[in-house]
Structures are given as C-alpha cells and as structure tokens.
Amino acid sequence: MNISQPSNNRSGILPGIDYYLFRIMRIFNYLPVNPLSIGNQKKMFLEYFKDFDKIPAARGIFGNKTTEVLSKLTVELSWLNGYMYVDGNDGHIVISRSYLNSGNRTEIYLDLIHELCHVKQFMEGKELFDPRYAYVNRPTEIEAYRYCTKEARRLGFSEERIRRYLRTEWMSDRDFEQLVKSVNISNT
C-alpha cells in the first residue's frame, strides 16, 4: 500500500483521497490504541520471512548489517485490504493479510524488497512521505522502485512485465509514465 500526495500536476482523484486517508490514519497512531491495529498480528520479520537475510537483494540494501536489521524488524499483519507499506512512525512493515494470502509470490517478494529500501531510508532519517513531492516524484519512492526494478530484471522480468508490475490503481496514466521514465524502463 503506497500513499500518494496530491499536487497540481496530478490527474485523477484517488491519489488525493489516498493521501488524506493516510494523514487521518497517522492521527490514529497518537491514540493510546490505534483502532486500525486492533486484531493485527505482529511478528519479527525473520520469523515470518525465514532466511530473507541471506537473499542477495536484501544484503544489497543493508550490507553486513542485514541479519541484525532484519532480526529486529517487526512485521504487522493487517486485516485492511491493500498491499504493504512502512509505518512512518517507527519503521516497521505493515502487510495486508489478504495480499499475502492471494498475491503473486514474486510480486510480494519484489514489494518486500521495495519496502526494505524504505526501512533503510527510515533508519537514515529520510522523510518517507515528504509532502513536497507527488508520489511518483518522491526521491524515496524512486530509489525503492529503481532497486526492485533492478531485482525484477535479475529475476528475468521483461521490460513489459516490469511495467505491469509497477502499474497500480492509485497512479494516473501520466503518473505511471513518469515513474517508468524515472526508473528507466523502456517503452515496449
């Protein structure tokens, strides 16, 4: 689940709504009990994704600290529909249970790589949801998408297959083409 920031150069209404819903959801984090987390299950990343610290793509993100970082990383399995995202308050990963149960395994893997880039960015003190940028222009998103695109190529994805992977329902056609350009995907 990625959240978008509305801006004057974006088309479509969903990204703006997405952004404001996200802002409202962040307010819940300041309550004694976040109502969106009721019923969610938390696990340690390596309990759920065993040996992920041995994967070269993960090691490429965290280097020699991969096992240390992933052994301390929490995953929250959410009842909300969606995909996954890094919580901007403490850097843990929130993943939709329905996505884990029904999503394409390779795409889930690539999404995990993408989100682990955000975990590293969070650890470096970067603003993951910088409102000065539209979603597809946000430096943290471009970096994460470039890294998971590199991994998709390593897995043998064609440029067209990578384009299909990158296409999401919250991006307008214009935003999608901007993202594809930013991550150097060729037109097919």
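The following legends describe close-up views of a predicted model.

**View 1. The four-stranded open sheet.** The strands of this open sheet follow the order β1-β2-β4-β3, and their pairing is mixed. On average, neighbouring strands are turned by 25° against each other, direction ignored.

**View 2. The pairing of β3 with β4.** Strand β4 comprises residues 93-96 and pairs with β3 in the antiparallel sense over three bridges. Met-84 stands opposite Ile-95 of β4.

View 3. Helix α6 (residues 105-123) lies across β3 and β4 and runs at about 10° to β3. The 19 residues of α6 reach 27 Å from the first C-alpha to the last, close to the 27 Å expected at 1.5 Å a residue.

**View 4. The two ends of α6.** At the start of α6, a side-chain oxygen of Asn-104 comes to within 2.9 Å of the backbone nitrogen of Thr-106. Just after α6, Gly-125 adopts a positive phi of about 85°.

**View 5. The crossing of α7 and α8.** The axes of helix α7 (residues 139-154) and helix α8 (residues 159-166) come within 10 Å and cross at roughly 140°; α7 and α8 are therefore oblique to each other. The passage of α7 over α8 is a right-handed crossing. On the α7 side, the contact is made by Tyr-145, Cys-148, Thr-149, Ala-152 and Arg-153. Helix α8 contributes Glu-159, Ile-162, Tyr-165 and Leu-166 to this contact.

Methods:
Residues are numbered from 1 along each chain as its sequence is written. This is a predicted model: local features need pLDDT of at least 70, side-chain atom pairs count only at pLDDT 80 or more; totals for chains, interfaces and linings use all residues. Side-chain values use heavy atoms; hydrogens and water are left out. Two strands pair if DSSP finds at least two bridges between them. Axes are lines fitted to C-alpha atoms, for helices over the stretch in contact, and angles run from 0 to 180 degrees between N-to-C directions. Contact means heavy atoms within 4.5 Å. The expected span of a helix is 1.5 Å times one less than its number of residues. A polar contact is a pair of N or O atoms within 3.5 Å; within protein, one must be able to donate a hydrogen and the other to accept it, and residues adjacent in sequence count only if both atoms are side-chain atoms. Angles under 35 degrees count as roughly parallel, over 145 as roughly antiparallel, 65 to 115 as roughly perpendicular and the rest as oblique. A crossing is left-handed if the near helix is turned anticlockwise from the far one by less than a right angle, and right-handed if clockwise.
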